[in-house]
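Work through the exercises below with the structure open beside you, and try each task before reading its solution.

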Amino acid sequence: MSSAAPGGIRGLRRRRSRAIKANVFRTGVAVIAGFAVLAVGAGWWQVVEAERLATAADNPAVIAVARRALRGEIVDRNGAWLARSDRDQNGEALRRYRDDTISQVVGYASRKYGTAGLERTFNAQLLGLSGADPLGGLAGKFLPAQDRRLGLQLSLDLRLQRAAVRGLGNDIGAVVMLDPVTGEILALASTPVYDASAIADPATATRTFEALQADEDRPLLPRATLGRYVPGSVFKIVTGIAGLDTGAITPATTFQQQPAAEEDGLLVDGFRIRDGHHPMTGDTALDMAEATEVSCNIWYALAGLAIGGDRLVDEASKLGFGSAIPFDLPTAVSSVTSGDGRMPGGFSDDAELASAAFGQGETFVTPLQMALVAAAVANDGVLMRPHVVTALTGDGPGARAIGPETWRRVMSPDDARALQAAMEQAVEGDLGRLFTAGAAVPGVPTAGKSGTAELGGKGEPHSWFIGFAPVENPQVAIAVLVERGGRGGERAAPLAGALMERYFELYGTP
Amino acid sequence: MTAAIAARPASRFRVRPRPRFTELVLLAIVAVALVVGAVSLGATEQLRAATEAGKAVRRLDFLPPDPQGLLVYLLGLAAVHAGFVLAGRRTDQVLLPTVGMLGGIGLLLMQRLPQNLVVQSFGSAELGLGQLQLAWLLVALAVVGVLGLAVRSDTWLRTYKYTWAAAGIGLLLLVFVFGSEVNGARLSLSIGPVTGQPSELLKVILVVFLAAYLSENRALLAEESTRIGPVRLPPLPYLAPMVVMWAIALGIVVVQRDLGAALLFFAIFLSLLYIATGRPSYVVLGLLLFAGGAIVLYSLFGHVQARVDNWLDPWRDPQGAGFQVVQALYAFGRGGILGVGLGAGLPTIGGRLPIPAVHSDYPLAALGEELGLVGLLALLGLYLVVVSRGLRIAAASHDDFRSLLAAGLALVVGIQAFIIAAGNLKLIPLTGITLPFISYGGSSLLANAVVVGLLIALSDRGIEPPPAPRDRKRHLPRLSRLRRARVAP
Amino acid sequence: MDGFLLTLWIIRILFLLLIYLFLYAVVRVLLRDLRAAARGPAELGRLVVLASPRGEPQPGGSYPLDAVTTLGRDVNNGVVLDDPYASGEHAVLTFRGRNWYIEDLASTNGTYVNGIPVEGLGPLGFGDEIQVGEIRFRLDRGRS
């Protein structure tokens, strides 16, 4: 074979040598390509991801800076300090907090236990590490280290926060107060509270933290943003929004079978839905406002069935359900249903849909989410993005003001006004007062909805209230949850009323 | 006509000193660069000491941390250069300076790290990390010098290929039986006070064997093939040793848990197979085999699974299994484009380095942090230079064996650097192999020195023709004008 | 403190620059070599095989010659001769200055140019016949 090739073995060898040369060249190209990939990879970590990596909380450089550097100050909307750093006798930075009412919002910054709350979200900015882009860092290398730490200005009002925590007292619960026009959070309280200063102080950190972790009431859980609860009747507002926006119901909608069903309850898929207001309303078919005033489960169940599962879930997602609400703190996802069912929207059957529509389905909400529902109605259907940080203060790079931001339009202004009227009736109306006793602010037209979240089995239901005031040009929206607080009107509604009254005391009645 | 041609007495082409200007200039640049680097290291340490003591620095002390060590290293480079000059062979002039630069950067890195990372006592003396690396570097330079000078022919490599293969397998078995486990991988062998990793030397033996085997059987491999459907396999009798290679590679992973070595062996095997035969289908087949083997290994062996899972998402357990990977990435991020300066990186956690085993597993992360993206790209460039010189030697050789050998040696360095760099950068799972010339490790330095020494020896461009004789006029007239006598065949 | 930091950074950047200077110098050397290789060795001459009873080298074949070409039985030679009378390293053809020379490397059976045995080093012209053992070559001009 090989001797038959032209040129003999020598020639064949020459040809093979040439082929080897070509293969070597191609292999060389492959190696260069491989190294090019390495270069891209290096560029990825050292340029593109550099800031994220360089400011990560467990990056030892960040930890080292945190030990030495003073963190920026956190103040409330009126300039009252909430968190600040001083140097202790060893020259190391010591973080102190105003009191324990702000713990779940501001969080803590501890050498051993890291950061939580706003201290965590804005860790890089508070330490002056942000803006560490590779080229910007060049200037920093040559100039002496400047004080690039930033402070936080919050929209929180310390007085309202303290009032909320005091109002909750020994109960476990949460309060969210916000300005519906701007989305600024005025109070974000969770009880039980804890002493963040004790965690930040290295001398007491371990003892305090371990005790807190062992505490069965879970004081470290910020319930306002991360607690998920059965909503009870406050969810009817969501159903109302969904119904009006899709056109499934109008403010004048009545259901013929509703008065009769009040006697024995409404049968849906073998499940009986009952009400408690029959003695008061008699045989009248209720419209939306009246149904809201007496918190009619049957009316809302029928409304929910009319809306349909998928439209209910879609409309709820416009309000923020189904995903984490974009906020300065971590938020849990509120859900209308678990989504496992095969009916539209993920419901298992009509009974679940009907129950969810009046707030007793597989629905779980956070207090922040329900406050946003109230805010959306109050603001004529425009939902503003909630935020608690209104400015990053200081000389360093990244200092800026954070203004109101429109998140989305949830419904038309007319629909919103219809709901406002309904919710006003629920608080100010003759029958409504019976359900929401104490929620009305004296001298200020107040709107709202109470909720009693039955949990099944023994034990008290959760007490809920959402609302806003005044009805015309609202200035404050509120959501109050008291775990195992009994009926809505027992704990949540009076607390909400008291807090809104306190707000008007501080900021003047309109 | 039988008059003998009057001629000068037969002169063997004698070797005599030839200047190597290119090598000299490059080595000079290396020396200056390393001195500047050492000075910056010293100044950084001075700054750090002053900051910790709380004092301001008033004056700059241009003093490297270990000036004697650096000087000894530079002298070593000069000595090898002088040796090459005296021997007068026309060998490659770029490889020694490049390797000198890489080794020098590695030395600076080892001098910069805490010296107590590795301590070995020899009698009464205790040597720390930097000094041990220096010692191994000097031995490595000696190896480069000796091989570059003394290796004149490759017959001894080519002829005894099965002996080499047997030696390699014997070495593997030796490690398997007598080796000690380090970090869950059975890699090292201890002889007296010295611990080594024989798998490093194994890769050189593998290249020699493959080059010899493939060059001998090249025709058959390239031109005949067994067809199975659309796929072309090498002819079956010749496929056997290669499948044995693949099985050995898998075996290394399973038994020794050395993923890096297995990957390296397999990659070299595929590359040399491609260079010898030019058939991409063999490479594709090899890659499929690799993928199949990888999947099988992943599902069967916990340690493989752990490595791969850790690679995919180290942040799942950032304080535990993913710690090393996460901290290395932080180091890269802190470096940015220009780095933080030699000696200024690696902020300590509780007094210890943030990246465990940075001197052997993650030198690239430390250099990436301190020299930045700019420095990292330069390092990759230096490795490419070594590979490209080796491949050029391969392309210029007329002889198949020499080509394959040179290519294989070049690829050994290049692919090893690629694997460890990709592991550091989280492009592939981390493996335990070393970064040539930079990582701490005597056996790694020695094996790579053997590679470079052999490459330099193979690059000999032949004996230079002596200058034309001066007394040309005394020759007889040109023979072509004389009657040509024919000798009967 | 500022001045110190500035100086320190200048030194650090100088270090990086020097590494790149090295790479630049190396790349220049590489390119120079590539260009030289691409130009290709000018063919200084060719060796044509006139007679080769054993077939190695191929009769009628012609080989381009480098400045130094070795002949012999050893496989490492530039031209490999398969002849029982040829030594492992038999002879070497060199081009010096502007002329060709042949040198017999103390082979057992000698090298012949146009029938005349070569002692040591001897000049060679185009058209001359070289005989090693039973193999005969002719030196021709280069082709390029």
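**Exercise 1. Locate A:P192 and describe the peptide bond that leads from A:T191 to A:P192.**

Solution. A:P192 sits in the loop between strand 8 and helix 9 (196–200) of chain A, where helices (H or I, at least four residues) and strands (E, at least two) are DSSP runs, numbered from the N terminus. The next step is the bond itself: from A:T191 to A:P192 the peptide bond is cis, with omega near 0 degrees. As background, most residues other than glycine have a negative phi, and most peptide bonds are trans.

Before going on, note that this is a predicted model, in which local features need pLDDT of at least 70 and side-chain atom pairs count only at pLDDT 80 or more, while totals for chains, interfaces and linings use all residues. Residues are numbered from 1 along each chain as its sequence is written, and chains are lettered from A and ligands numbered from 1 in the order in which they are written.

**Exercise 2. Find the cis peptide bond that joins A:A469 and A:P470, and the residue A:R484 with its positive phi.**

Solution. The bond between A:A469 and A:P470 is cis, with omega about -15 degrees, and A:P470 is placed in the loop between strand 16 and strand 17 of chain A. A:R484 belongs to the loop between strand 17 and helix 22 of chain A, and its phi is near 55 degrees, a positive value in a residue other than glycine. With 15 other C-beta atoms within 10 Å, A:R484 is partly exposed; a residue is buried if 20 or more other C-beta atoms lie within 10 Å of its own, exposed if 12 or fewer, and partly exposed in between, with C-beta atoms placed from the backbone.

**Exercise 3. In what order do the five strands of the open sheet in chain A lie, and which strands stand at the edges?**

Solution. The order is 8-7-17-16-15, and the pairing is antiparallel; two strands pair if DSSP finds at least two bridges between them. Strand 8 (185–191) and strand 15 (447–453) of chain A are at the edges, each with a single partner strand, so one side of each has no neighbour in the sheet. Neighbouring strands of this sheet are turned against each other by 5 degrees on average, direction ignored; axes are lines fitted to C-alpha atoms, for helices over the stretch in contact, and angles run from 0 to 180 degrees between N-to-C directions.

For one pair in detail, take strand 7 (residues 173–178) and strand 8 of chain A, which run antiparallel and are joined by six bridges. Here A:V175 has A:A189 in strand 8 of chain A as its bridge partner. Finally, helix 22 (residues 492–507) of chain A lies across strand 7, strand 15, strand 16 (462–469) and strand 17 (476–482) of chain A, at about 145 degrees to strand 17 of chain A.

**Exercise 4. Is A:Q104 buried or exposed, and which residues is A:Q104 in contact with?**

Solution. A:Q104 is part of helix 4 (residues 103–106) of chain A, and it counts as buried because 28 C-beta neighbours lie inside 10 Å. Leaving aside neighbours within four places in sequence, A:Q104 is in contact with A:G117, A:S190, A:P222 and A:A224, contact meaning that the C-beta atoms of two residues, placed from the backbone, lie within 7 Å. A:Q104 and A:L188 are 84 residues apart in sequence, yet 8.1 Å apart in space, C-alpha to C-alpha.

**Exercise 5. How do helix 4 (residues 129–150) and helix 16 (residues 442–458) of chain B pack?**

Solution. The two helices of chain B pack at an angle of about 20 degrees, with their axes 8 Å apart. Helix 4 of chain B is therefore roughly parallel to helix 16 of chain B, since angles under 35 degrees count as roughly parallel, over 145 as roughly antiparallel, 65 to 115 as roughly perpendicular and the rest as oblique.

**Exercise 6. Describe chain C as a whole, then follow strand 5 of chain C to its partners.**

Solution. Chain C has one helix and eleven strands, and buried residues make up 40% of its 144 residues. Strand 5 (residues 91–96) of chain C runs antiparallel to strand 3 (residues 68–72) of chain C, with four bridges between them, and C:L71 stands opposite C:A91. Six bridges join strand 5 of chain C to strand 6 (residues 99–104) of chain C, again antiparallel, and in this pair C:V92 stands opposite C:E103.
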